[in-house]
Each structure stands twice: as C-alpha cells, then as structure tokens.
Amino acid sequence: MPQPLRIAVMPGDGIGPEVVTEAVHCLELLREKHQLPIEWTRFPWPSHAWHERHGEVMPEDALSQLAQYDAILLGALGDPGPMDDPERYLLPDSVSLAPLLDMRKGFDQWVCERPARLLPGARQYLADDRARDIDMLVIRENSEGEYVGQGGRLRQGTEHEVATQMEVFTRRGAERIIRYGFEQARLRADARRRDGNKRDFPTLSGERCESQVCVVTKRNALRYWGDMYTEVFEQVARDYPDVATHHELIDAACMKFVQAPWAFDVVVASNLQGDILTDLAAVLSGGMGVAPSCNLNPDNPDMPSMFEPTHGSAPDIAGQGIADPTAMLFTTARMLEWLGRQDPLLAEAGRELYAAVAADLAQNGGTRRDTRNIGDSVLNRLK
C-alpha cells in the first residue's frame, strides 16, 4: 500500500467544528470503503480557544508542523459565538483571521479557486431564468496585491494619526495567475465537450470560442498595477488563441455578475477584488452554505494546499447544530480531487463525494434540516 497522504484537520471557531465533524465522517467512510491511502490529524489551533489558553492563535512553529502534511482542511475562523454570550472570548478579526494569510503566504498558495455553479436544489437568488445556467470559475490571486500586509500606523490614536497600507504587485505574480486562468479555461472547455454541454463566447473580432477568460482590474484609478495586469493579460492571451478574452473594471464586474453572470466562464482578479467577487459569485450560485473554496500551490507538491468553505464562523448559530455542512462537504470533495493528482483513487473518491452531496442537495434543497441530518443523508448515499 502506498505511503498515506496526510491531512491536517483544523476545525477552528464557531460552526467550524460542527461542519468539519461531518466531513471527517465522510472521509472515514470513504477510506474504509475504498482503502484510501489517507490519514489525518486534528489540530485545536488556530482558534479563539487556543488563544485564550496560550495567548496566541496558533503556535510559533505552526507552519513548520503543517509543512509535514499534504493538505489542510479548515473549518472557519473568527467570532466563536454564541452571540448571546456577552462574555465570550472575542478577538479582533486582524488577529483571529491572521493565520489564513500566514498559511497562504507561507505555503505560497497563490491560487484561490472558487467555482460558482447553480446546482439543482440550491437557492436561486436571481429572478431571471438564465441564472440557472451560472457556471463560472473565479480565480483570485492569493499571494500578493492588496493583502501583503505592508504598512503601518504613525501617531496612533491621536488626531494626527496616519495609516498606510501598501499594495505590492509583481509581474511574475500576474503572469502565473493569468496563465493559470487560461489553462483552467481550456480544461473547462474540454470537460464540457466530453459532457456534450458546449458553450461559446464572443471574441473581439466577432468569432466564437468554447471558453473565455475575463481579467478584472481598476486600471482607470489604480493605473500602475492595472496597466501591468492588462499588458501581461494581452501577452499571455497570445498563447491561447482558442480562448476568448475580456476585461472588466471591478465595479462593472460586480454589476454584470448580477445582471448576466451566465456570460462569464473564468474570471481572474487581484487578491482584494477577487475576495469581493468570489463572495458575490457564491451567493449567485446558491449562497455561502453551498460554496467551496481552495487555496492552492500548483507549483510545489511538497507544500500543502488549504481547503476551506467560503462561509465564515457564523457565530449567530454556533453550537446549535443547525449549520449546513454542504459547503464543507463540497470543499472536502475538492480536496480529495486535488490529492488525486498523486493517487487516482483519491480523485475518484472526491468525485463520488461531490456526486453524493449534489444529489442530496437536489433532493432536499430548501428543506430545513440540522447538521447531523444532512451529514447522515450524504453518508447513506456513499454507502
């Protein structure tokens, strides 16, 4: 039997432990059913509880510990809830969410990938019937840009305080994320072709292509990095004549995500702008409760990638056992497919889990069920 792939399971805060428990149940069943070469370790950090006991959200050597793993499965970070407890141990977001940035940067997880597809059973927020055809992949640059964390505060707390927040963009970072977007566009077109579900997108010359990449900037106001992104986009696009290209400013992109999201295929955006667009795309595809998310390092197989649902810690319902684990289960399926690059058996198990969760959503979408009920329903399908 091959050496097991190791997963670091970090439930985190709020509803994180509740939804992660259901994900682990599915992993246990799939491992036994298919003799999957995986094992996992559950970590009590990062979390508010760990900070309350140790004065830090996670240990100083956290990244070196996690570097020994092949993937990270994270529940949620932030306000632990319940919100009706005014004495709960509460940290500012800049502290409780810092581990996300630490892991993304430390392991160079430069791709944040969030698919947005309106599956049967998911809530349709847009009235237009064409919203049923939403199927896009939003790719967020995840290593630099607006979230590099460089800056500071001068004369803090006084009326003369000055806060600076630096944005840092590199040509290398722009090139690799844009090229990744084009590669994913081709893969998506191939998959649609196999499924007999071809789409076509207009080019600037009036021709049609089976895939499209839209790059998003704010180059009319943030001209330096916006112009660099545009130049790199045009340069990379020459290597992909079979892929239609498109550019939107961030404000127009938000508007068109609502007006006509079915017109998009692959969208590439900067760290902050992608952060906004991925949350909007999640709502368009049924809401945060069904939206998976991946933080990937496609270049270095020795670095762990991190998988987390799009939703947060939901302190308003924490501890009540009513959190929907669907997004967490879809995220777990994506993790297995990613690990399947090293073992096809894991990729097949990921597809099996995805199909089981999608089938449960199609049959029970709109029905109020508790966390365990949804998890058990998916387990029964896997059996």
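Two strands pair if DSSP finds at least two bridges between them. The model discussed here is predicted.

Q: What makes strand 5 and strand 12 a pair?
A: Strand 5 and strand 12 (residues 266-269) are joined by four bridges, and the definition asks for at least two, so they count as paired, in the parallel sense. Within strand 12, valine 268 is the bridge partner of isoleucine 139.

Q: How do you know that strand 4 pairs with strand 5, and in which sense do they run?
A: Seven bridges link strand 4 (residues 111-117) to strand 5, against a requirement of at least two. The two strands run antiparallel. Arginine 114 lies opposite valine 138 of strand 5.

Q: What makes cysteine 112 buried?
A: Its relative accessible area is 0%, and buried means under 20%, so cysteine 112 qualifies.

Q: Why does cysteine 294 count as buried?
A: Cysteine 294 has 2% relative accessibility; because the cut-off is under 20%, the residue counts as buried.

Q: How do you know that cysteine 112 is in no disulfide?
A: The structure holds zero disulfides. For cysteine 112, the nearest cysteine sulfur is that of cysteine 294, 7.9 Å away. A disulfide needs the two sulfur atoms within 2.5 Å, so this separation is too far for a bond.

Conventions
Residues are numbered from 1 along each chain as its sequence is written. This is a predicted model: local features need pLDDT of at least 70, side-chain atom pairs count only at pLDDT 80 or more; totals for chains, interfaces and linings use all residues. Side-chain values use heavy atoms; hydrogens and water are left out. Buried means under 20% relative accessible area, exposed over 50%, partly exposed in between (1.4 Å probe, protein chains only).
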